[in-house]
Amino acid sequence: MTRIMVFGTFDIIHPGHEHFFAQARALAPNPYLIVSVARDSAAERTRGVAPRRNENKRVEALARHPLVNRAIIGDEIGYIEHIAHEKPDIIALGYDQSGEYVENLERDLRAAGLSTTIVRLEAHRPDVYKTSKLTQD
């Protein structure tokens, strides 16, 4: 079994996310997909707006998704602690994930004693399937 970890807010689960999960699972013949859900405070800090649904509701929805083996809530501050606890073999980043944690991820994984491989996944119709576009009021 290959432990694959992905990250996101997942305010709603749309076809872009499902494609993201399927791509991540396709990275290994026997995948175990762990989805790390951003804390409410972290999501608001990064995106500038609070998620529509709280972190517990978002993780509950993902835990029921057929492509997800395990859904967890991320760290309140930083990110490496929950990654180190899960010990993923692969971290699959979305096409649009960026920022300090992405830039420092490889260094921080090595510092934590992890030999996790980092892979960047492809977009799936981001002109249509992007939460910010789907939830415009």
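In which sense do β2 and strand β3 (residues 70-73) pair, and over how many bridges? Select both: β2 and β3 run in the parallel sense, joined over four bridges. Two strands count as paired if DSSP finds at least two bridges between them.

Before going on, a word on what you're looking at. This is a predicted model, where local features need pLDDT of at least 70, side-chain atom pairs count only at pLDDT 80 or more, and totals for chains, interfaces and linings use all residues. Residues are numbered from 1 along each chain as its sequence is written, and side-chain values use heavy atoms, with hydrogens and water left out.

**Zoom out.** Colour the protein chain by secondary structure and you'll find six helices and five strands. Helices (H or I, at least four residues) and strands (E, at least two) are DSSP runs, numbered from the N terminus. Trace the chain from that end and the order reads β-α-β-α-α-β-α-β-α-β-α.

**Select residues 31-37.** That's strand β2, and six of its seven residues are buried, so the strand is largely enclosed by the rest of the structure. Buried means under 20% relative accessible area, exposed over 50%, and partly exposed in between (1.4 Å probe, protein chains only). Across the protein chain, buried residues make up 42% of the 137 residues.

Look for F7: S36 in β2 stands opposite it. Now show residues 15-25 as well, and you have helix α1, which makes a right-handed β-α-β unit together with β1 and β2. Right-handed means that, with the strands pointing away from you, the path from the first strand over the helix to the second runs clockwise.

**Stay on F7.** Show the side chains of Y79 and Y101 too, because F7, Y79 and Y101 form one aromatic cluster. Rings of Phe, Tyr and Trp (its six-membered ring) pair if their centres lie within 6.5 Å. The whole structure has five aromatic pairs.

**Last stop: E55.** You'll find E55 in helix α3 (residues 55-63). Is E55 buried or exposed? E55 counts as buried, because its relative accessibility is 13%. Apart from neighbours within four places in sequence, E55 is in contact (heavy atoms within 4.5 Å) with V37, A38, R39, D40 and I73. Click on D40: its backbone nitrogen lies 2.8 Å from a polar atom of the E55 side chain.

Terms used
Rings of Phe, Tyr and Trp (its six-membered ring) pair if their centres lie within 6.5 Å; planes under 30 degrees apart count as stacked, over 60 as edge-to-face and the rest as tilted. A polar contact is a pair of N or O atoms within 3.5 Å; within protein, one must be able to donate a hydrogen and the other to accept it, and residues adjacent in sequence count only if both atoms are side-chain atoms.
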